[in-house]
Structures are given as C-alpha cells and as structure tokens.
Amino acid sequence: MNTVTRSVVTGVGGYLPDEVVTNDDLAKFVDTTDDWIVERTGIHARHRAAPEQAVSDLALVAAQRALAAAGRTAAEVDLIVVGTTTPDLTFPATATIVQRKLGAPIGVAFDVQAVCSGFVYALSVADGFVARGRSRCALVIGAETMTRLMDWTDRGTCVLFGDGAGAVVLEPGEGKGDTDDRGVLGFALRADGTKQDLLYVDGGVSTSGDIGKLRMQGNQVFRHAVVNISEAVLAAAADAGVDVADVDWFIPHQANQRILEGVAKRLGIDPAKVVSTVATHANTSAASIPLAMDQAIADGRIKPGQLLLLEAMGGGLTWGACVVRL
Ligand code: ACO
C-alpha cells in the first residue's frame, strides 16, 4: 500500500506575559470606554510583555512547552520557523535567537513575515520541510510584542492588540493519503499588496530608519476580512478534500469577535465550534492561532484525531487557511 508523509502536530504550547491590561486601564489615558471596546471588538483585556522581555523570550517559553507536550528535547529540533512582525532585532532572525536560547544545536532557523497571517504562512513553509523529509522535528512559532508598535494616542488601534507567543512541534508521520490521516492536509495562502494602505507600520529600516507605529483603516480591514477569510477557508478545505461541515474546530486569528462571527455565519459554521480567545488575549497577530489551539487543548475541547481549520488575515494584506488533523 502506498503511504504519504504528513507533517503531524505532536505538541502545542503557549505563553502569555504576566501583566494584564484591562480596557479600563486604557481608558485612563486614551479617549475610550470599556463598553465601546467590548461592543465593537469583544476584547476585555490583553497581556503586555515586561520591558525586559523581548519577543524571543516569549517564543522561548512557548517553544519549551510545545516540546514538552511532544515529548521532544531541544537537541532534536532541526528547524525553527518564527512568524513575527516584531522581531528582537532587525537581524539576526528571531528564530536564530530562539535557537540559541533553547540550546538547539542543529538545523535551520529563520523568520517569516506575514503579520497576522504569519503562523499560517510559517506552518506552510515548515510543512514543506517536514513532509519532504528535510526536517524530523520542527518548531513553528508565532510570537509578537504588538504593544511595542502602538501609537498610544490612536484609540482606533491601541485598544486592539496584545502580546504573546504560541508554538507547535511538527514531525513526519506516515499516512494513507486520505482525510483520516493525522497531520497537515491542505492550505490556501493569499496576498494582495495593493491593499497595503489599509494596515501597515509607518516606519522601517530602508525608509524612516525607525520602527514606526501601526496604522489601520479598521472599517476597511473589517470589510475585506470576512469575504477574504471565507474564500480561503473554502479553498483550504477543498485542497484538503474535506467539507467545512466535517471540521471539528475552527481556530481563527483573533482580531475581532465580530469578524469571527461574520465568517462563521457566512460559512454556516456552528458558533460553538469556533475557538475564541479574543476577549482575554486581544489581537496577538501571528501568535493568536497557536495560543488559541493551546488553550482549547488545555481545557479539553480539542482532542487528538480531530479536524481543525486555522485561518487568518493581516497586513499586506495577507490571508490564508490550513486544515490539520491533530
Ligand atoms: N473608543 C471609542 N471610540 C472609538 C474607538 C475607541 N477605542 N476607536 C474608534 N472610535 C470611534 C471612531 O473615532 C469613530 O468615531 P466618529 O464616528 O465620531 O468618527 C467611531 O468610533 C466609529 O469608528 P469605526 O472605525 O467606523 O468603528 P468600527 O465599528 O469599524 O470599529 C474597529 C473599529 C474595532 C477597529 C473595527 O473596524 C475592526 O475591528 N476592524 C478590523 C480590524 C482588524 O481586524 N485588524 C487586524 C487585522 S490583523 C493584523 O494584521 C494586525
């Protein structure tokens, strides 16, 4: 019988910094209210990294927890891909800093920059290594310190984001080539650079020379999000050969509760199947999907063997979706 090599998720881990910032905390210095933020976004609070914590520190803890869940050690890791838009330094890649801090002596390490779609993009890249036999133990990490990109005078953006990190371990596993296989089953990745002005950071190495601040036309982003994400979800399901109705859990990028609900409604998904962490995590960009996975595995909702659909949209615009059987 023919077999195919799949990239199997064997461990998931997450890390949120200790400090919790509530909407009322923000209302002390920006013209907003808890009621407005909750009604428009579903966000009640977000975590913020301590001043001495770099994004690699957040990523490190998430990676260590994912490795522990997989029963693997740092010595076995031969690939680290970090999805981040808030790297420690312009170079080297945050992935190589995580490699050093983790004490992972072998392999390849690099970053993927697709903003809030970073985890889905990074997973696709790592799948290319693992499913082709070029990695035996890969760490795919989404890690962000989004609070460092905020203009704290802009109430339209600064209330939306938080810090955190999530990680998964990918290992090769043999499957029959059908939808019962464990592992990554299908993807749809998209980008439309003509929509840059809707969501971007107004600084960078080769332009302003500083890191800049996040700028967003929120209502325009919102308008594109539900349509774009829904199309990518259907395309990823078709790529995997599954029906959206067969999916056990939808794990969206956590930008806004209204976007989560809008996508679920458009696709006829039972809201009870949608994992939502936006209330307490806010938008942690590339970290939000693995953090949500980690939470729903830890609380017993997601079980081994279940079919998961991950989806995200972010600056670029970039967006995409992925089907995984745990
Ligand atoms: N508190 C109080 N009022 C506010 C706030 C705030 N924090 N922010 C904006 N407002 C006001 C605006 O000034 C505006 O006032 P006006 O009518 O007097 O001009 C009013 O609220 C309505 O503003 P809108 O921007 O039209 O409000 P909207 O309902 O669209 O909600 C929001 C704004 C929450 C940003 C929403 O558009 C959204 O969530 N968009 C998607 C954002 C998103 O998903 N971004 C992340 C993508 S992923 C990534 O890559 C980073």
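Does V112 count as buried or exposed, and at what relative accessibility?

V112 counts as buried, because its relative accessibility is 11%, where the cut-off for buried is under 20%. Keep in mind that we're looking at a predicted model here. V112 sits in strand 5, which covers residues 108–112.

Leaving aside residues up to four places away in sequence, V112 touches V81, V82, G83 and T84, along with G118, Y121, A122 and V125. H44 is another story: V112 and H44 are 68 residues apart in sequence, and their C-alpha atoms are 29 Å apart in space.

On the contact between them, domain 1 puts in 52 residues and domain 2 puts in 47.

How much area is buried between domain 1 and domain 2? The figure is about 3700 Å², with 67% of that coming from carbon and sulfur atoms. On the domain 1 side, C116, V120 and L149 lose the most area to domain 2, and together they make up 17% of what that side buries.

D151 and R215 form a salt bridge, and their closest N and O atoms are 2.9 Å apart.

## What domain 1 brings

Which elements give two or more residues to the side of domain 1 that touches domain 2? The strands are strand 1 (4–15), strand 3 (45–48), strand 6 (138–145) and strand 7 (163–175). The helices are helix 2 (34–41), helix 5 (118–130) and helix 6 (155–158). Strand 1 gives the largest share of that side, with eight residues.

Sorted by class, the side of domain 1 that touches domain 2 has 23 nonpolar residues, 19 polar ones and 10 charged ones.

## S230 in helix 7

Over to S230, which lies in helix 7, residues 218–240. S230 counts as buried because its relative accessibility is 3%. Not counting residues up to four places away in sequence, S230 touches V263, R266 and L267.

How values were computed: Residues are numbered from 1 along each chain as its sequence is written. This is a predicted model: local features need pLDDT of at least 70, side-chain atom pairs count only at pLDDT 80 or more; totals for chains, interfaces and linings use all residues. Side-chain values use heavy atoms; hydrogens and water are left out. Helices (H or I, at least four residues) and strands (E, at least two) are DSSP runs, numbered from the N terminus. Buried means under 20% relative accessible area, exposed over 50%, partly exposed in between (1.4 Å probe, protein chains only). Contact means heavy atoms within 4.5 Å. Buried area is the accessible area (1.4 Å probe) that two parts lose on being put together, summed over both. A salt bridge is a side-chain nitrogen of Lys or Arg within 4 Å of a carboxyl oxygen of Asp or Glu. Ala, Val, Leu, Ile, Met, Phe, Trp, Tyr, Cys and Pro count as nonpolar, Asp, Glu, Lys and Arg as charged, and the others, Gly among them, as polar.
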